[in-house]
Amino acid sequence: MPDPKGFLTTPREVADRRPVDERVHDWREVYPGTPGRALLPIISKQAGRCMDCGIPFCHTGCPLGNLIPEWNDLVWRDEWQPALERLHATNNFPEFTGRLCPAPCETSCVVGINGDPVTIKNVEVAIIDKAWDDSRVVPQQPEWHTDRTVAVVGSGPAGLAVAQQLTRAGHTVVVHERADAIGGLLRYGIPEFKMEKAVLDRRLKQMGLEGTQFKTGVAIGRDITGGELLERYEAVVLAIGSTVGRDLPVPGRDLRGIHQAMEFLPQSNKVVLGGEVPEQITATGKDVVIIGGGDTGADCLGTSIRQEARSITQLEIMPTPPQLRPESQPWPTYPMTFKVSSAHEEGGDRIYAVSTTRFVGDDDGNVAGLDLSEVRFEAGKFVPVEGSDRHIPAQLVLLAMGFSGPEKTIAEQLGVELDERGNIARDDNFATNVPGVFACGDAGRGQSLIVWAIAEGRSAARGVDEFLSGSSKLPRPIGPSDRQLMA
């Protein structure tokens, strides 16, 4: 146990973000320096709040099975290298999860039953950021090389995790990405203020030095067919994500100026990183309405603020979440409570329990606003509240309502089966119905958290290794049939 009285005597404390009036004028991370550097003055005492429980329920909340009490104890003792080793034992990319994960481990923390939980996510990012600053994250070369070849399709967190694990197992791994740079949504979906791309690039450099090969600008199904992929490689892993955005088929949907969030955010990221996007979708000087109250909506909000939108309104069909854990979502489950992201601190209005009824256009066919009404949930469906209709001006509408599944082209070419939800079907070894073809991450699970993506990538790597070699020493955190409390 780190500090026997830490959870009693030390209050929960997090790092201060940069002032709002400063950070909205740039695209750098919202913490001064890096989150890890910002946390260093307080992190030892925060790690000391861990109770080192006999049954660490934080493991229940974490699909990766992070050894949380162990690295909390090591940080409190100022033993940073062993802490890094315990962190990397279960998580290939803690610098990603330490910035982007909603920390379901914290809602499972025993200290959180009747107090504020341990700042697990902050300890995690402090360990890894300090390790990068101290040049202690180095390539891990495989002990031997096999003659087996693997193609990984998609370079998001699931694809990168499976690629790194299989490379370290000695296989020749080639990651195929249709975009012009590696990273998937980490590259072009996550705004710079949440994670600077230098954080991604340094990890990709490590992977390259370990032997993982990357091919960009390669669209499977267009540049290489599924059949050609199977001819060239002995195993194929589909980590193509869940990228088909949910639409809103109401009158006026065909007006110009209504876009999916993943049309808007990648364009912004490309420009911020120095690229050029002809006819870029921007929020500058416009009334912006974001439909969807999740993380993607918050990313659109922060981006629109930095693009100097005139006004921003975020709509959510669900009622306002409670401030505290409701009785229907008891500890240690992941509760749906009211959250304030860094973007919400910066501006914009949030309206809950409303549904868009139609989009209204101008004489030129551009969106000029939308009509909405308040709703309540009755008999399993949302019902409009009579007399609650209202109009909101909007010259840009961003649909951030989640994703309905993976694109089907490559699945059709390879002949892999889909499940009842339209995701790629796989067994407990992440194998599809086509021998040698595997699927992991959102493509098989459906839209989920980054920790699930990495955990699935690590587990799928074991399935692929067993398929190629007959056995495997790689870890298997989860299987597709696993259903943890935070799922």
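1. To begin with a term: a nonpolar core is a set of buried Ala, Val, Leu, Ile, Met, Phe, Trp, Tyr and Cys residues joined through side-chain atoms within 4.5 Å. Buried means under 20% relative accessible area, exposed over 50%, and partly exposed in between, using a 1.4 Å probe and protein chains only. Please keep in mind that this is a predicted model, where local features need pLDDT of at least 70 and side-chain atom pairs count only at pLDDT 80 or more, while totals for chains, interfaces and linings use all residues. Residues are numbered from 1 along each chain as its sequence is written, and side-chain values use heavy atoms, with hydrogens and water left out.

2. The largest nonpolar core holds 75 residues, and Trp71, Ile127 and Val150 have the most contacts inside it. Helix α19 (residues 450-469) is the element that gives the most to this core, with 10 residues. A second, separate core has 19 residues, including Val236, Leu238, Ile410 and Ala439. Helices (H or I, at least four residues) and strands (E, at least two) are DSSP runs, numbered from the N terminus.

3. Leaving out residues up to four places away in sequence, Val150 touches Leu166, His171, Thr172, Val173, Val174, Tyr233, Ala235, Val237, Val464 and Leu468. Contact here means heavy atoms within 4.5 Å.

4. Next, a helix pair. The axes of α10 (residues 157-168) and α12 (residues 197-210) come within 10 Å and cross at roughly 30 degrees. These axes are lines fitted to C-alpha atoms, for helices over the stretch in contact, and the angles run from 0 to 180 degrees between N-to-C directions. α10 passes α12 in a left-handed crossing, that is, with the near helix turned anticlockwise from the far one by less than a right angle (clockwise would be right-handed).

5. Which residues in α10 and α12 meet? From α10 they are Leu160, Ala163, Gln164, Thr167 and Arg168, and from α12 Leu200, Leu204, Gln206, Met207 and Glu210. By class, this contact has five nonpolar, three polar and two charged residues. In this scheme Ala, Val, Leu, Ile, Met, Phe, Trp, Tyr, Cys and Pro count as nonpolar, Asp, Glu, Lys and Arg as charged, and the others, Gly among them, as polar.

6. A few backbone details deserve a look. The peptide bond from Trp331 to Pro332 is cis, with omega near 5 degrees, and Pro332 lies in the loop between β7 (311-316) and α16 (342-346). Asp78, in the loop between α5 (68-76) and α6 (80-88), is not a glycine but has a positive phi, near 65 degrees. Asp78 counts as exposed, at 56% relative accessibility. Ala103 also has a positive phi, near 60 degrees, and sits in the loop between α7 (94-100) and α8 (104-107); Ala103 is buried, with a relative accessible area of 6%.

7. Finally, Ser341 and Asp299 are 42 residues apart along the chain, with their C-alpha atoms separated by 9.3 Å. Ser341 lies in the loop between β7 and α16 and is partly exposed, at 24% relative accessibility. Asp299 is in helix α15 (residues 295-306) and is buried, at 5%. Beyond four places in sequence, Ser341 touches Arg17 and Ala298, whereas Asp299 is in contact with Gly189, Ile190, Pro191, Phe193, Lys194 and Leu265.
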